[in-house]
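The following note sets out several points for a colleague who is reading this structure for the first time. Please keep the sequence and the model in view while going through them.

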Amino acid sequence: MSSERLGRTLRAALATGLLWAANAGMAEDIGPSGRASPKSSPPSAAASDDVTQAYRGPRSGWPAAQVDAGVRWEELSPRPALPAVPATLVTLGEQLFFDPRLSRDRTLSCASCHAPHLGFSDGRRLALGQDAQAGPRNTPHLMGVAFVPQLMWDGRAADLESQALMPIANPVEMAMDLQALQQRLARETDYPRRFKDVFGDDAVTLSRLGKALAAFERRIEAPRTRFDDFIEGQTAALSDQEIRGLHLFRTKARCMNCHSGPQFTQHEFHQIGMSALGRRLQDLGRQGTTGRPEDAGAFRTPSLRGIARTAPYFHNGITPTLRGVLESYNAGMPQPPKNAQGLMAIPPSPLIRPIQLNARELQDLEAFLRTL
Ligand code: HEC
Ligand code: HEC
């Protein structure tokens, strides 16, 4: 095991350990009934039993989702099949994805930042590129990336084919001149022969590189979980606690306003108060792509499939744990200070509001997210 990977594993273990410690501390918190409620106790109120039962039946009998007027949303549903892609193209794309010869110093592959054991993300706060340069954003995971219509946190890439060349050329990522790359691969590798098998002739072109990498990426999906069994009709697959979390997700916690449908996102852009607008670390996000002032600080709503394995969270990787994410939503996200001016005065989306979950509800919601 490389020392880098060992470091990551240790960090991941540490993060999980800390989370366990936090949860253990919570177990004696006061539950909704006012009595101390151990973590694994069944829901005390009869009403909550009824709700749990409703989720054990067909989806048509679920309690109504609570979504604000005018919001575009879809019910949660089974994951769609991945698009069909020619197997030879996928194999070639896989080889390229793991090949460090795509970077200037031959040290970084796509997988250096999009590591399979971390849901094709990197476990770091910010991406680490050629010459150990830190990029400005957190590396997104690639599970289900076939379904993302506009790629990157700010939506600036229209498809996987064109996206694939961006990190190669990016000076703080793989820092490789694209013309030089074609020559390197044509002269020094066996790609010409591989390209001939797949495309019919041995020309190593950028558009073929993009096609092969995109084909491989379209086949990446979150591993199947108990949530898949549950949503496909095996309703005993989730525990009562996880079902209570699902119910909160669809109602009081307001998550369905943005994270709905089979991918837990409508792929829309929202400013949720994490963009440090008007401060030193501000990131204008979507505005950098559209030029529209109303897009300042907006980022794409990410899918929540496989979310337990892709810490740290948000476009800037600022939040190390899922619990931390939930506590931020619970408090209604950072709000502009009183008398703030200019960019600093822009409030988060009106869909963001304090949700006032108690300690037990936060645990239930987290337990649900961990099933995705
Ligand atoms: C140095 C780390 C690094 C390397 C190497 C890297 N990426 Fe990324 N990748 C990132 C970061 C950071 C982002 C987000 C950038 C942004 O939104 O501004 C990203 C975004 C993406 C996305 C968009 C995902 C989404 O949900 O929008 C895809 C697809 C992707 N990378 C594929 C690749 C491929 C293919 C390669 C290799 C050719 C690669 N990456 C190499 C760090 C990296
Ligand atoms: C107003 C729309 C909106 C609502 C409501 C909302 N989210 Fe989000 N969520 C987003 C956006 C946009 C991001 C990315 C923001 C960023 O990185 O700056 C995000 C990011 C996240 C992330 C981090 C994902 C990652 O890959 O880093 C998690 C986890 C998450 N949301 C869970 C939830 C949960 C749970 C709820 C309900 C309590 C919720 N969200 C409510 C829009 C929303």
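**Notes on the model**

1. Glu-361 lies in helix H14, which spans residues 359-369. The model is a predicted one. Glu-361 counts as buried because 21 other C-beta atoms lie within 10 Å, and the cut-off for a buried residue is 20 or more.

2. Glu-361 may also be considered together with Arg-244. In sequence, 117 residues separate Glu-361 and Arg-244, while their C-alpha atoms are 8.0 Å apart in space.

3. The chain contains 14 helices and 2 strands. Of its 372 residues, 34% are buried. Among contacts in the protein chain with a separation of 6 or more, 68% are between residues 24 or more positions apart.

4. Which residues come nearest to ligand 1? They are Cys-110, Cys-113, Met-152, Trp-153 and Pro-167, out of 29 residues around this ligand. Two or more residues of the shell are given by each of helix H4 (110-113), helix H5 (160-163), helix H6 (165-169) and helix H9 (206-218). H4 provides the largest share, with 3 residues. By class, this shell has 19 nonpolar, 6 polar and 4 charged residues.

Note on methods
Residues numbered from 1 in each chain as written. Chains lettered and ligands numbered in written order. Predicted model: local features only at pLDDT ≥ 70, side-chain atom pairs only at ≥ 80, totals over all residues. Near = placed C-beta within 6 Å. Helix = DSSP H or I, 4+ residues; strand = E, 2+ residues; numbered from the N terminus. Nonpolar A, V, L, I, M, F, W, Y, C, P; charged D, E, K, R; others polar. Buried ≥ 20, exposed ≤ 12 C-beta atoms within 10 Å, placed from the backbone. Contact = placed C-beta atoms within 7 Å.
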